[in-house]
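Subject: Structure handover

Hello,

The structure is below. My notes on what turned up in it follow.

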Amino acid sequence: MPTAVITGATSGLGLAFAAHLARAGHDLTLVARTERDLESTADRLRHPGCRVTTLAADLATAAGSRRLTDSLAGNVPDLLVNNAGIALAAAFPTGDADAEEGLLQLNIGCVLRTTRTVLPAMMRRGSGAVVNVASVAAYGPTWLASTYPASKSWVLAFTESVARSAPVRNSGVRVMALLPGYVRTAFHQRAGLEVGHLPRWMWLDSERVVATALRDLGRGRLISIPSRRYRACAWGLRHLPRSLTAAFSLDLAGGRPVPSRPGDRAADPGA
């Protein structure tokens, strides 16, 4: 029975990954901060062909990250989905500095550590896959006064550089970055971001994003960008002048004030 570990598995894209893989017959380990949410999600996903275990860990902390990597080192899965991430409600640099460091720990540090933990073992056995959830925002500062796009740029650059290296490429192990756009989840409301003005065409369904990602993974793609509309957006962010793309970006420092409470953050479904 194939095994999968999914971080941020109780909501958004993480939950969609878990549901899809459970239906496909994977045994799952779900990772999130809250034990109660984990157990509720696990109960919903368990069926005779799917064993589900849980690991409660705050991956924005060194202790929580270490708890996950210790678990991965003891039982390397067939698939690791690094989905967990956060965005901050407050504009940079007026927000809490500790919260900004927590964002870097989760969005970047945890991805680095978990990939470093599982990749050598996967390469030795000649099979396995890692999916790192980034964002179309990785291609440019689509959120101004925010460290979120920068963190996702790191995830994209890291994933692509690892996946293209000869030892990984020749080992049979697949490493892929997933770059969705705006996904219908509770992420933006939790973050206090005003997105009511966005047109309907910009919103993606989480189930379709996951189905596309797993299809692209099976085809050996290094980068998965669900939907033609966001592939076009990615092209524009890569090739159009920054002065032009910035004019259409969400500026957290302008318009409606955003609260700046210490530690104010929202779980990231990969939007």
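Contact here means heavy atoms within 4.5 Å. The model is predicted: local features need pLDDT of at least 70, side-chain atom pairs count only at pLDDT 80 or more, and totals for chains, interfaces and linings use all residues. Residues are numbered from 1 along each chain as its sequence is written, and side-chain values use heavy atoms, with hydrogens and water left out.

Ser-206 first. Setting aside neighbours within four places in sequence, Ser-206 is in contact with Leu-13, Ala-16 and Val-183. Ser-206 lies in helix H8 (residues 206–218). Helices (H or I, at least four residues) and strands (E, at least two) are DSSP runs, numbered from the N terminus. Ser-206 has a relative accessible area of 14%, so it is buried. The cut-offs: buried is under 20% relative accessible area, exposed over 50%, partly exposed in between (1.4 Å probe, protein chains only).

Next, the sheet. It is open, with seven strands in the order S3-S2-S1-S4-S6-S8-S11 and parallel pairing. Two strands pair if DSSP finds at least two bridges between them. Strands S3 (52–56) and S11 (223–224) are the edges, each pairing on one side only. S1 (residues 3–7) and S4 (residues 79–82) pair in parallel over three bridges. Ala-4 has Leu-79 in S4 as its bridge partner.

Two helices pack on this sheet. Helix H2 (residues 35–45) touches S2 (27–32) and S3, and its direction makes about 170° with that of S3. Helix H3 (residues 62–74) touches S1, S2, S3 and S4, at about 145° to the direction of S3. Axes are lines fitted to C-alpha atoms, for helices over the stretch in contact; angles run from 0 to 180 degrees between N-to-C directions.

S2 and S3 run parallel, joined by five bridges. The chain goes from S2 through H2 to S3, a right-handed β-α-β crossover (with the strands pointing away from the viewer, the path from the first strand over the helix to the second runs clockwise).

Last, the cores. A nonpolar core is a set of buried Ala, Val, Leu, Ile, Met, Phe, Trp, Tyr and Cys residues joined through side-chain atoms within 4.5 Å. The largest has 45 residues; Ile-6, Phe-17, Leu-28, Leu-30 and Leu-79 have the most contacts inside it. Helix H1 (residues 12–23) gives the largest share, seven residues. A second, separate core of 29 residues includes Val-5, Leu-103, Leu-106 and Val-162.

Best wishes
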